[in-house]
Amino acid sequence: MSRNPFGLTWKLTAATALVLVTAVAILSLLVLHGIRTDQTRQLEESLQHQSDTAALHVRQLYVTGTRLTPAAFMAQYGQELAVELGAAAGLPVVIYDTAGQEQGNSAPAGVRRIEEQALQHALAGQIAYVTDNDLVEYFSPVQGPNGLLGVIQLETSIKGQHDFYRYIQRLLLISGSSVTLLGLVLGYLFMTRQTAALRKLKEAAYSIRQNHFLSSPVLKRRDELGDLDGSIYEMSRTIESQIVSLEDEQSKLQLAVEKLQLLEQQQKQFIGNISHEFKTPVTSIRAYADLLQLYGDDVHLQQDAAKNITREAERLTDLIDRVIRLSQLESYDFENIPEEVDVKNALEEACSRLQGKLRQHQLQLHLNLESALICADRESLNHVFMNLLDNAIKYNEPGGLIRLNSFQANGYVQIMIQNTGSGIPLEYREKVFEPFFTVNPDRSRLSGGTGLGLPLVRQLVERQHGRIEVIDDPGGLTTFRISYPLWITDSGEKL
Ligand code: ADP
């Protein structure tokens, strides 16, 4: 509960109290004023009525009796009339003559005071009355046929009215205080509830500031505070998702930095490998050049040198060619003209170009090709197939087998290039796609391999949105599987 004397609870409770006290006071004043006005009206009407009746009686007696002067009439009949009228009205009655002299009194011991000013008003022909504590003295002129006959004074008690007025006053005071008190208590409880909700919202905002986000709205209400709570909850979710995406971006950035560092490392390694690969044939050529300088006449050496220098030169050329192609791919300026190509035709063409080599190595070629259209650069596709078939020949065994399958499946064309031979151990199936990696360096060297063929092939395949991998084959054949998205899908739609 808030202890702050300047807190919202106390401020609003005080305001409620002020409003209630003001409202109760105004209401009480209006009610009391109404009662007082009504009592006065009733009293005036009642006394007027009684004085009219009394005056009528006096006038009748005057006009029906012997014609006396008003003073003589009052002197003669005043006391008798006062008693008679007092008995009829049930009130003390006093009768005055036109000179203001008392001529009759129904209760000589009872009506005592002459309210001189009020009497003078009545003698002047006007009704007048005076209130004194619980008594009202009412003076009414009695008109005869020739003018004023005298004045009748009625005395009545208004104690009952005063009692009623005080009773209502007390009632209003008690009910007003009770209502104010009850209003205060209820207002205080209500405000405590509101400020508790506000405090919860404040705590929610604080926990958001501490990066503890809300899992649900903190309040269960449908008013403005509920709306505010909903907005705070939404804000918390937005901030949370923004932070998550920021963290995501940060980790992506971190990954990119790591990848760049790895690339840098690979680049350094690549340059080291290149230098090494270039050095070997150059060293060999230099060695033969030195030998020829020393033993230039040796015919056998000349033949051997010519053969080896040619081989090493070819190797150097091939190496340079592949490095250039790889670097062109890395820098994205390798020419790429995508067009509609039938994989079956491309594979058959590659096979026919390698017929000589196949015969030379006494290899059998089994083809099982399905026509499939893809969108690819014809030149790079040719390069991929030639490279893979060349490897299948190079790393085969004499009298071995090459199997070439292609078929469509799930919007892709799958191409399998399989060959017998020493194979690729499981742990090297990914490594063979790294530059300069060779499973058996001696064999690669003998066959003029550089370890740059498959990295180039993978780059070319991926550029055409394809995928290449070495997979398991139950028959024990080395199996390269390539898949390219089809140009025309199974359902006949163009991509
Ligand atoms: P290389 O120029 O040495 O042939 P590649 O990148 O084409 O380089 O191949 C990398 C290595 O993968 C080769 O040295 C070889 O050991 C292995 N390899 C590639 N293709 C085959 C295959 N069809 N059968 C067996 N081993 C293969």
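These legends accompany views of a predicted model of one protein chain.

Figure 1. The C-alpha trace spans about 195 × 50 × 40 Å along its principal axes.

Figure 2. The chain holds 11 helices and 12 strands. Its radius of gyration is 63 Å, whereas the globule rule gives 23 Å for 495 residues. The chain is therefore more spread out than a compact globule. Of the contacts with a separation of 6 or more, 63% join residues 24 or more positions apart.

Figure 3. About 29,500 Å² of the chain is accessible surface. Carbon and sulfur atoms supply 56% of that area. Buried residues account for 37% of the 495 residues. The charged side chains number 46 positive and 59 negative. The centres of these two sets are 4 Å apart.

**Figure 4. Leucine 18 in helix α1.** Helix α1 comprises residues 8-64, and leucine 18 sits in it. Is leucine 18 buried or exposed? Leucine 18 has a relative accessible area of 61%. That counts as exposed because the cut-off is over 50%. Alanine 89 lies 71 residues from leucine 18 along the chain. The C-alpha atoms of this pair are separated by 50 Å.

**Figure 5. Asparagine 133 in the loop between β3 and β4**. Strand β3 covers 128-132 and strand β4 covers 135-144. Asparagine 133 is not a glycine, yet its phi is positive, about 50°. Its side of the picture in solvent terms is plain: asparagine 133 is exposed, with a relative accessible area of 62%.

**Figure 6. Glutamine 362 in the loop between α8 and β7**. Helix α8 spans 355-360, and strand β7 spans 364-369. What is the phi of glutamine 362? The value is near 50°, which is positive in a residue other than glycine. Glutamine 362 is exposed, and its relative accessible area is 58%.

**Figure 7. Helix α11 and the residue histidine 465**. Helix α11 is formed by residues 453-463. How many of its 11 residues are buried? The count is 8, so α11 is largely enclosed by the rest of the structure. Leucines among the buried residues are Leu454, Leu456 and Leu460. Val457 and Val461 are buried too. Gly453, Pro455 and Arg458 complete the buried set. Just after α11 comes histidine 465, with a positive phi of about 65°.

Technical notes. Residues are numbered from 1 along each chain as its sequence is written. This is a predicted model: local features need pLDDT of at least 70, side-chain atom pairs count only at pLDDT 80 or more; totals for chains, interfaces and linings use all residues. Side-chain values use heavy atoms; hydrogens and water are left out. Helices (H or I, at least four residues) and strands (E, at least two) are DSSP runs, numbered from the N terminus. The radius of gyration is taken over C-alpha atoms; the globule rule is 2.2 Å times the number of residues to the power 0.38. Buried means under 20% relative accessible area, exposed over 50%, partly exposed in between (1.4 Å probe, protein chains only). Contact means heavy atoms within 4.5 Å. Accessible areas come from the Shrake-Rupley method with a 1.4 Å probe; for residues, only the protein chains shown count as cover. Lys and Arg count as positive and Asp and Glu as negative; His and the chain ends are not counted. The place of a charge is taken as NZ of Lys, CZ of Arg, CG of Asp or CD of Glu.
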